[in-house]
Amino acid sequence: MKIYLFLLITALTHTIHAQINWESPRINDPFILNSDTITFVLITADWCQYCALQKKKLKKVQIDNYRFIELNAYKKQSIIWKSNVYNANSDIYSPHTIITALTHSENLILPTWVVLSTTQEVIRVYEGVLDSEFFLCLP
């Protein structure tokens, strides 16, 4: 019985430790301060099934060396990034104004990943679901 309890606790601890620690921008807080690590921004929407699939694919991937932020493309809030204030779009069917600044595109495909350098510069934009192997190959 003690062995089963030990195995159960070990399995639960490993699963909890392996999950990515997602951050979300808060109202009127700077979106991303200069960071000592590369930041992955996952742009999602509540109704997006592919976004949910993306997060599910990453549930058991252990990635400690990077920062992960989830950004809801349709959330109604002001976001500060690189000393600029980005407000929610007045059209409920259009994504947040920060999305264009991050992706350099008027068209949004969900989910979208934006990779930011330590100085908040956009390194790369990936559209669609990424396999967990992509993150396992990161240095």
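The protein contains four helices and seven strands. The model is a predicted one. Along the sequence, the elements follow the pattern α-β-β-α-β-β-β-α-β-β-α. Of the 139 residues, 37% are buried. The accessible surface amounts to about 9,000 Å², and carbon and sulfur atoms contribute 56% of that area. Among contacts with a separation of 6 or more, 65% link residues 24 or more positions apart.

Five strands make up an open sheet with mixed pairing, in the order E1-E3-E2-E6-E7. Strand E1 (22-23) and strand E7 (122-127) are the edge strands, each pairing on one side only. E1 and E3 run parallel and are joined by two bridges. Here Trp 22 stands opposite Phe 68 of E3. E2 and E3 also run parallel, with six bridges between them. Within this pairing, Ile 43 has Leu 71 in E3 as its bridge partner. On E6, the direction is antiparallel: five bridges join that strand to E2 (residues 39-44). Phe 40 has Val 115 in E6 as its bridge partner.

Strand E3 is mostly covered, with six of its six residues buried. Arg 67, Ile 69 and Leu 71 point one way from the strand. Phe 68, Glu 70 and Asn 72 point the other way. Helix H2 (residues 49-57) lies across E1, E2, strand E3 (67-72) and E6. The helix runs at about 145 degrees to E2.

Aromatic side chains were examined next. The count comes to eleven aromatic pairs. In one of these, the ring centres of Trp 47 and Tyr 74 are 5.9 Å apart and the planes are at 45 degrees, so the pair is tilted. This pair links distant parts of the chain, 27 residues apart. Trp 47 lies in the loop between E2 and H2, and Tyr 74 in the loop between E3 and strand E4 (79-81). Trp 47 is exposed, with a relative accessible area of 61%. Tyr 74 is partly exposed, at 23%. Trp 81 and Tyr 86 also form a tilted pair, because their planes are at 45 degrees, with the ring centres 6.5 Å apart. Both Trp 81 and Tyr 86 are buried. The ring of Trp 81 also has the charged end of Lys 82 over it, 5.2 Å from the ring centre. One aromatic cluster is formed by Phe 40, Tyr 66, Phe 68, Trp 113, Tyr 126, Phe 134 and Phe 135. Phe 68 in this cluster is the E3 residue opposite Trp 22.

Pro 111 occupies the loop between helix H3 (97-103) and strand E6 (112-116). Its relative accessibility is 0%, so Pro 111 counts as buried. Beyond neighbours within four places in sequence, Pro 111 is in contact with Leu 42, Ile 43, Cys 48, Tyr 50, Cys 51 and Gln 54, as well as Tyr 126, Glu 127, Gly 128 and Val 129. One of these contacts, Ile 43, is the bridge partner of Leu 71 in E3. Another, Tyr 126, belongs to the aromatic cluster. Pro 111 and Tyr 126 are 15 residues apart along the chain, and their C-alpha atoms are separated by 8.6 Å.

Technical notes. Residues are numbered from 1 along each chain as its sequence is written. This is a predicted model: local features need pLDDT of at least 70, side-chain atom pairs count only at pLDDT 80 or more; totals for chains, interfaces and linings use all residues. Side-chain values use heavy atoms; hydrogens and water are left out. Buried means under 20% relative accessible area, exposed over 50%, partly exposed in between (1.4 Å probe, protein chains only). Contact means heavy atoms within 4.5 Å. Two strands pair if DSSP finds at least two bridges between them. Axes are lines fitted to C-alpha atoms, for helices over the stretch in contact, and angles run from 0 to 180 degrees between N-to-C directions. Accessible areas come from the Shrake-Rupley method with a 1.4 Å probe; for residues, only the protein chains shown count as cover. Rings of Phe, Tyr and Trp (its six-membered ring) pair if their centres lie within 6.5 Å; planes under 30 degrees apart count as stacked, over 60 as edge-to-face and the rest as tilted. A charge sits over a ring if NZ of Lys or CZ of Arg is within 6 Å of the ring centre and within 35 degrees of the ring normal.
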